[in-house]
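Welcome, and please open your viewer before reading on. We will go from stop to stop, selecting one piece at a time.

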Amino acid sequence: MAGGGSRTNIAVKDIALIGVMTAIIEVSKLALSFLPNVELVSFWIILFSIVFGWRIFFVVPVFVLIEGSIYGFGIWWVMYLYMWPLLAILARIFRRQTSVWFWSCLSGIFGLLFGLGCALPYVVIGTGKSGILGGLYAGFTWWVAGIPWDILHGVSNFVLMLALYKPMRSVMNRLRKQGIAAE
Amino acid sequence: MEETKKTNKKAVIGIAAVAALVVILAIVYVVFRQKPVEGSKAITITVVNKAAEETTYEVKTDAEYLRQAMEEAEGLTFSGAESEYGMMVDTVNGERADYNLDGAYWSFYINGEYCNYGIDTQPVADKDAFSICYTLAQ
């Protein structure tokens, strides 16, 4: 239990760390909410996934739940249920990568394809109403309408990761060395 | 030296990959986005100013409510205070009707009848003729 080394038992330190990570993500999101589609959520989820490992899979559901509590549980919330965990999974898969360019690309491409992924509920709803072709058309038109925002999302994700990855990664590594968290 | 070369190569590949995806998305958007179509309702909005001069705007619109149709009328400008009932128009084409100053206000008519709704909730139907008149309280 102590030290947080076990995956089956969560130490108090882990719970505190999960809370701090969630708070950082939420506050960053609120702070940038005046800039449409420019966000630090992707950056933090990637970084926390790399540095603090399995804890991200507690952080993301809590973050998504808080978002729903603040803004209401609309269709966008269903998108959050799978889009943010998907990013965390991708970051865990590639966690051994150290190139800032790799992570900038991943974050940028995630932003660029965010709308495409989010179109899934519209495909499902459209399919229920007018068959698979109707569903695909509904999802496609919804995605296309939002492409300019996806481009802004992807480019800003790329730039933010490029600017912040190295300094924040070294801070996080230092924290880990001081025993904040163990894998 | 070798390390720098590798980093540069990664940077070029990274930027090229993101840029290529941006270009693909932009092409998809340009080709498949919903093109604006001419509105299906033909309406007229006539402004009668303080000097009783009439200016008529012909608008083709899909607007559900008058406010959006007014916004689409080329050359027509208006402003006012936002309230829980929508915008209370006090200025049309730069001319202000100040009820507190001289009892003047802008009255709205639809097909000759006084509008029962504010501009945010006044429905728009095909062939409607709206009038916006500078009016002095009796």
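The tour below begins with the ground rules and then visits each chain in turn.

**Before you start**

Residues are numbered from 1 along each chain as its sequence is written, while chains are lettered from A and ligands numbered from 1 in the order in which they are written. This is a predicted model, in which local features need pLDDT of at least 70 and side-chain atom pairs count only at pLDDT 80 or more, whereas totals for chains, interfaces and linings use all residues.

**Stop 1: colour chain A by confidence**

Chain A has a mean pLDDT of 91, and 94% of its residues reach 70 or more. Now select residues 1-6 of chain A, where the pLDDT is below 50. Beyond near neighbours in sequence, this stretch has 11 contacts in the model. Two residues are in contact if their C-beta atoms, placed from the backbone, lie within 7 Å.

**Stop 2: helix H2 of chain A**

Next, select residues 41-52 of chain A, which form helix H2. Helices (H or I, at least four residues) and strands (E, at least two) are DSSP runs, numbered from the N terminus. If you like, check the length of H2(A): its 12 residues, at 1.5 Å a residue, should span 16 Å, and the end C-alpha atoms are 15 Å apart, which agrees. The expected span is 1.5 Å times one less than the number of residues.

How many of the residues of H2(A) are buried? The helix is mostly covered, with 12 of its 12 residues buried. Among them are A:Val41, A:Phe43, A:Leu47 and A:Phe52. Here a residue is buried if 20 or more other C-beta atoms lie within 10 Å of its own, exposed if 12 or fewer, and partly exposed in between; C-beta atoms are placed from the backbone.

Show the surroundings too: the buried residues of H2(A) pack against helix H1 (12-31), helix H3 (56-71), helix H4 (75-93), H5 and H8 of chain A. Just after H2(A), click on A:Gly53, which takes a positive phi of about 55 degrees.

**Stop 3: the nonpolar cores**

A nonpolar core is a set of buried Ala, Val, Leu, Ile, Met, Phe, Trp, Tyr and Cys residues joined through C-beta atoms within 7 Å. Select A:Trp44, A:Ile45, A:Ile46 and A:Phe48, which touch the most other members of the largest core, a set of 45 residues. H2(A) gives the largest share of this core, 10 residues. Apart from it lies another core, of 18 residues, including B:Ala69, B:Phe78, B:Ile119 and B:Ile132.

**Stop 4: where the chains meet**

Show both chains: 17 residues of chain A are in contact with 14 residues of chain B. On the chain A side, helix H5 (100-112), helix H7 (120-145) and helix H8 (147-177) each supply at least two residues. H8(A) gives the most, with 7 residues. By class, this side of chain A has 11 nonpolar, 5 polar and 1 charged residues. Ala, Val, Leu, Ile, Met, Phe, Trp, Tyr, Cys and Pro count as nonpolar, Asp, Glu, Lys and Arg as charged, and the others, Gly among them, as polar.

**Stop 5: the sheets of chain B**

Now hide chain A. Chain B has 3 helices and 8 strands, in the pattern α-β-β-α-β-β-β-α-β-β-β along the sequence. Buried residues make up 17% of its 138 residues.

In which order do the 5 strands of the open sheet stand? The order is E2-E1-E8-E6-E7, with mixed pairing, and two strands pair if DSSP finds at least two bridges between them. The edge strands are E2 (54-61) and E7, each pairing on one side only.

Select residues 104-110 and 129-136 of chain B: these strands, E6 and E8, pair in the antiparallel sense over 7 bridges. B:Tyr109 has B:Ser131 as its bridge partner in E8(B). E6(B) and E7(B) form a hairpin with 2 residues between them, and B:Asn111 in the turn has a positive phi of about 50 degrees.

Finish at the open sheet of 3 strands, which is antiparallel in the order E3-E4-E5. E3 (78-83) and E5 (95-96) of chain B stand at the edges with a single partner strand each, so one side of each is left without a neighbour in the sheet.

Definitions and conventions: pLDDT is the predictor's confidence in each residue, from 0 to 100.
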